[in-house]
Amino acid sequence: MKLKMSFLSAAVCLALAGCGTTPSSQDSAPVEQVKKQYSNPLLKEYTGPYQGVPQFGEMKLEDLVPAAEIALAEQLAELDAIVNNSDAPTFENTIAALERSGSAVDNMYPYFVTYITNLSSPEVRKQQAIVMAKMSEFESKRNQNKALFQRVKAVYEGAEFKTLTPEQQRVTWSQYNSFARHGATLEGENAERYAEINLQLSKLYTQFGNNVLADEEGYTTFLTKDQLSGLPQAFIDSAASAAEKKGQPGKYAITNTRSSMDPFLTYSTERELRKAVWQNYYSRGNNAGEHNNKAVISEILKLRRERVELLGYEDYAQWRLEDRMAKNPENAIALMDKVWPAAIARVKEEVADMQAIADKDGANITIEPWDYRFYAEKVRKAKYDLDSNEIKQYLQLDKLTDAMFYVAGRLFSYEFSPILDGSVPVYHEDVKVWEVTDKTTGKHIGLWYLDPFARQGKRSGAWAVSFRSHTSMDGKTNVLSTNNSNFVKGPEGKATLVSWSDAETYFHEFGHSLHALSSNVKYPSSNAGVRDYTEFQSQLLERWLSTEEVINKFLVHHETGKPMPQSLVKKIKESATFNQGFATTEYLASAIMDMKFHTTDPDKIGDPVAFEKAQLEAIGMPSEVVMRHRTTHFGHVFSGEGYATAYYGYLWAEVLTSDAAEAFANAPGGFYDKDVAKRLVDYLFAVRNAMDPAEAYRKFRGRDADVSALMRDRGFPETK
């Protein structure tokens, strides 16, 4: 997930990225900016090689709040300077000036996001709440600056607009749209209430995320040696290592994260333990006590509805989707409705297969959610003679990293060289850094940071962040991109082995980094993205994991070094659509509930957990499957606004992904076809948000995407 936070519009230049255009006569000469001197290390210009890098070794938590205060006050002064310019509004003195504002905020962003996602602690969470509140106050002041909005509006509606380059026009529209949709048109009490709501929401988002993290840290299942039945040795070794780090040597820790929960539920023969681990994971945010998120969710939904009503919208979903590819909730719901019946029908088939095996084994059970992975694995073995643990022996984290570099080299002409001299500071010993260069020209592109392992204080899941994005407005900047995962580290001296699903996620997040690294935009806010499009590029990159080149070169046995046998490769490909009922249903249930929460009057929702249960029952949710992200730990939607009423976007992007993958599959050179790869880079990656996504896709494919490709990919019947 791309983590540049929507609440920090002042630092939008660090968000996603877009397409560069050739400078025109309207482009003025680079502006010579005066470098300010700061005593606070979190605000200082980056020093060292590679155009300067964040100095993580100098950061101290005590500097975070003062840095935010200084940076935000400074940006408000920069906005005032734009407003007080006596010259008539132009692109250069208004839009470009906005693009240049907030350099101090940009400087502190890597430290702030690192603290709250990678190095969290009770004290960090206290400081985070203070900073988030200050950012919310800033955002309200910026968005409700009427004089500033009028200048932006004058450029957007003025004669100069038609003479601007396509990227300049899109940047101008984006700035205008951002103001218009975030309170700039409000007056008096409505404006004050809008700001109050934003402040309340920022606090609630922080509380929601911290509650989930507290439950992730607070519910670890410790096993003894006699409770390890069925578990692979590599997993046992990792669990032993995790227990030792948690002060329980001699035991085995099943941490409350997906990367630990998933394999345990797949292999453990201890059904009651599977149930306990399952309940720990899926009850996050819904346990008794101070970390329960139900009241937080109810308040978030009420405030979101009230806020958009102030802007004249019927509900939050209507407001949110207006500038997305879907355009409105009805279009997003229509896509989900096409896929849902096929998904739950496939679940019924999958459960029947599992129940048959359980009955044959004399288990005397009815399949429950904590049985699904376990018996699905048995079905996989029976149908395809395929053992997930056998596959895992060929999925070494280091080799997968090399595989990603290989793909980036073939498609993007990138080369990754490890930086081993300590010239680039990191915030934890697990973090490694590579320089990225163009293989053909030798040109420096940027740096890629990798933080792969789970640890105390690190949020769960996987995500990508850009510490700095490419622009050329005032001279080219390089890219500082990061990938973050939560793999369970292998024991000392042994390879870290991951599942096929985890390997796909690894490629997925690397896709986000390639999206950032390939940027060829001029203006910082061209790095912003359209949410139901930005997952497309990363989902597409997952497809290269199963290409013959990657399998043959990098998927080698961690002990023998021998490549994955063709017989196993064949089984993997034959089972490509296996368990798609489960995978699609658990995802779609989350996306559907996201939409239902934001299209329903909050006063009629009541208990959000009860609402979730009733709504899913009404659409035929199989009892053997639960939402991938149940409501009380649905951080995509309730710990911020980036994915709120936008979780459907993964499916929307998957339609594009399936269709684009067929373009490669049908090309003469397959997934490494040079012509298709060039269009991929030019129109789907480098273009970022400097071009309308629908137009960019048509330039790549020659037409709009076809949903039938998605149905074929998942092995579902095609719908007309």
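Me: Before anything else, what does "buried" mean here?
Reply: Buried means a residue has under 20% relative accessible area. Keep in mind that this is a predicted model.

Me: OK, so are Phe664 and Phe700 buried or exposed?
Reply: Both Phe664 and Phe700 are buried. For Phe700 the relative accessibility is 1%, so this residue counts as buried.

Me: How many aromatic pairs are there?
Reply: The count comes to 46 aromatic pairs. One of them is Phe664 with Phe700, a tilted pair with 6.5 Å centre to centre and 35 degrees between the planes.

Me: Which helices do those two sit in?
Reply: Phe664 is in helix α24 (residues 649-665), while Phe700 is in helix α26 (residues 693-701). The pair therefore ties together parts that are 36 residues apart in sequence.

Me: And why is the pair of Tyr697 and Phe700 called tilted?
Reply: Their planes are at 55 degrees, with the ring centres 5.9 Å apart, so the pair is tilted. The cut-offs behind that: under 30 degrees would be stacked and over 60 edge-to-face.

Me: How are Tyr697 and Phe700 placed in helix α26?
Reply: They are three residues apart there, so about one helical turn separates them. Tyr697 has 2% relative accessibility, so Tyr697 counts as buried.

Me: Which residues form the aromatic cluster with Phe700?
Reply: Tyr533, Phe536, Trp544, Phe664, Phe671 and Tyr697 form one aromatic cluster with Phe700.

Me: What lies over the face of Phe700?
Reply: That's Arg679, at 5.6 Å from the ring centre. Elsewhere, the charged end of Arg304 sits over the ring of Tyr316, 5.1 Å from the centre of that ring.

Me: Switching topic: what's the strand order in the open sheet?
Reply: Its five strands go β3-β4-β5-β7-β6, and the pairing is mixed. At the edges you'll find β3 (414-418) and β6 (463-468), each pairing on one side only. From one strand to the next, the twist averages 25 degrees.

Me: How many bridges join β6 to β7?
Reply: Five, and the two strands run antiparallel. Strand β7 covers residues 479-487.

Me: Which residue in β7 does Trp463 stand opposite?
Reply: Trp463 faces Asn484.

Me: Last one: which helix packs on the sheet?
Reply: Helix α17 (residues 500-517) does. Helix α17 touches β3, β4 (432-438), β5 (444-453), β6 and β7, and its direction makes about 170 degrees with that of β7.

Definitions and conventions:
Residues numbered from 1 in each chain as written. Predicted model: local features only at pLDDT ≥ 70, side-chain atom pairs only at ≥ 80, totals over all residues. Heavy atoms only, no water. Phe/Tyr/Trp six-rings, centres within 6.5 Å; stacked < 30°, edge-to-face > 60°. Helix = DSSP H or I, 4+ residues; strand = E, 2+ residues; numbered from the N terminus. Buried < 20%, exposed > 50% of the residue type's maximum accessible area, 1.4 Å probe, protein only. Lys NZ or Arg CZ within 6 Å of the ring centre and 35° of its normal. Pairing = 2+ DSSP bridges. Axes fitted to C-alpha atoms, helices over the stretch in contact; angles between N-to-C directions. Contact = heavy atoms within 4.5 Å.
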